[in-house]
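Subject: Structure handover

Hello,

Please find the structure below, with the sequence. My notes on what was found follow it.

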Amino acid sequence: MQFILTLLIGCAAGIVTGLIGASGVMVVVPAFVLLGFSTSESIGASLFIDAVASLVVAWTYYQNKNLNFKQGIWITIGSIIGAQGGSLLSPLIPDVGLSHAFSIFLLISAVVFWLRGKKESKGENTIMVSEEEDVSTEQNLILRILRSNVIVSGMVLGLFVGVISGLLGAGGGVMILLILVFVMQYNMHEGIGTSTFIMAVTAASGAIGHAFSASLPIKAAMIGAIGTLIGGRFAARFANKVDEKILSKVVGVLFAILGIIMFIIQK
């Protein structure tokens, strides 16, 4: 029975990663704790499953030409460095404050992505040339600066993401997706593909650390990884076929669900 449950947990985590480019930690950790694993073991298993899910999802998005390796590599390096700084600051903040802050962050992100989807839907039938030209001129200037300095911009954005991720203990994928879509102006598909590539590296790094500290239940993690291969591949293939505005709304709905789940778990 535990084999089937672990397989389903991994599958659910893979679906979350494949659709929205976010970590499955909010699915895996509480589920593994309920199965009798310690919190440390559950986190270790979650990182292992996340690494596998992110790799298969990133590969699927790459096959659909929705992954930016050049930018992603430098954001990855910056986020690894920034995470160390964030992890040093996190003990200074109460656990309740951190968990609630991340829940609120997810809910706000959900609204932002939902509105983005609605705006794109209306944009098909509405012409707003003059206003869009003014905004796009400013955006293009910022984008030109960021994209002409790939190494610097990638490192700076990565450092910011890493610090936030280290503080909250999760959410690197969410933060990266937000930055890629709203700051770098990636489309949703490329944003998700690139964020999962970055997350694969950071999750693998964390999983290796847990393996060395003997807090990685390798058998259960491997069973979960089989499930996440199936769920991640299926969800990523589906997401790459979905329209941009629909995908934005899907991301918004799932962020809202995850944010509510976090509130419930922490009560």
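**Findings**

Thr 17 sits in helix α1 (helices are DSSP runs of H or I with at least four residues, strands are E runs of at least two, and both are numbered from the N terminus). This is a predicted model, in which local features need pLDDT of at least 70 and side-chain atom pairs count only at pLDDT 80 or more, while totals for chains, interfaces and linings use all residues. Residues are numbered from 1 along each chain as its sequence is written, and side-chain values use heavy atoms, with hydrogens and water left out.

Thr 17 has 0% relative accessibility and therefore counts as buried (buried means under 20% relative accessible area, exposed over 50%, and partly exposed in between, with a 1.4 Å probe and protein chains only). Leaving aside neighbours within four places in sequence, Thr 17 is in contact with residues including Asp 50, Val 57, Ile 192 and Met 199 (contact means heavy atoms within 4.5 Å).

On the chain as a whole: there are eleven helices and zero strands. Buried residues make up 47% of the 267 residues. Of the contacts with a separation of 6 or more, 84% are between residues 24 or more positions apart.

Helix α1 (residues 2–20) also packs against helix α10 (residues 218–241): their axes come within 6 Å and cross at roughly 35 degrees. The axes are lines fitted to C-alpha atoms, for helices over the stretch in contact, and angles run from 0 to 180 degrees between N-to-C directions. Among the residues making the contact are Phe 3, Gly 10, Gly 14 and Gly 18 of α1 and Gly 224, Gly 227, Gly 231 and Phe 238 of α10. By class, the contact has 13 nonpolar, nine polar and no charged residues (Ala, Val, Leu, Ile, Met, Phe, Trp, Tyr, Cys and Pro count as nonpolar, Asp, Glu, Lys and Arg as charged, and the others, Gly among them, as polar).

The largest nonpolar core has 26 residues, of which Ile 20, Phe 113, Leu 177, Met 188, Ile 192, Val 251 and Phe 255 touch the most other members. Such a core is a set of buried Ala, Val, Leu, Ile, Met, Phe, Trp, Tyr and Cys residues joined through side-chain atoms within 4.5 Å. The elements giving two or more residues to this core include α1, α5 (95–123), α9 (188–212) and α11. A second, separate core of 13 residues includes Ala 58, Ile 75, Leu 180 and Tyr 186. Not counting residues up to four places away in sequence, Val 251 touches Leu 19, Ile 20, Phe 113, Leu 177, Met 188 and Ile 192.

Ser 248 lies in helix α11 (residues 244–266) and, at 0% relative accessibility, counts as buried.

Val 242, between α10 and α11, is buried, with a relative accessible area of 13%. Apart from neighbours within four places in sequence, Val 242 is in contact with His 189 and Leu 247. Lys 65, in the loop between α3 and α4 (69–89), is exposed, with a relative accessible area of 75%.

Regards
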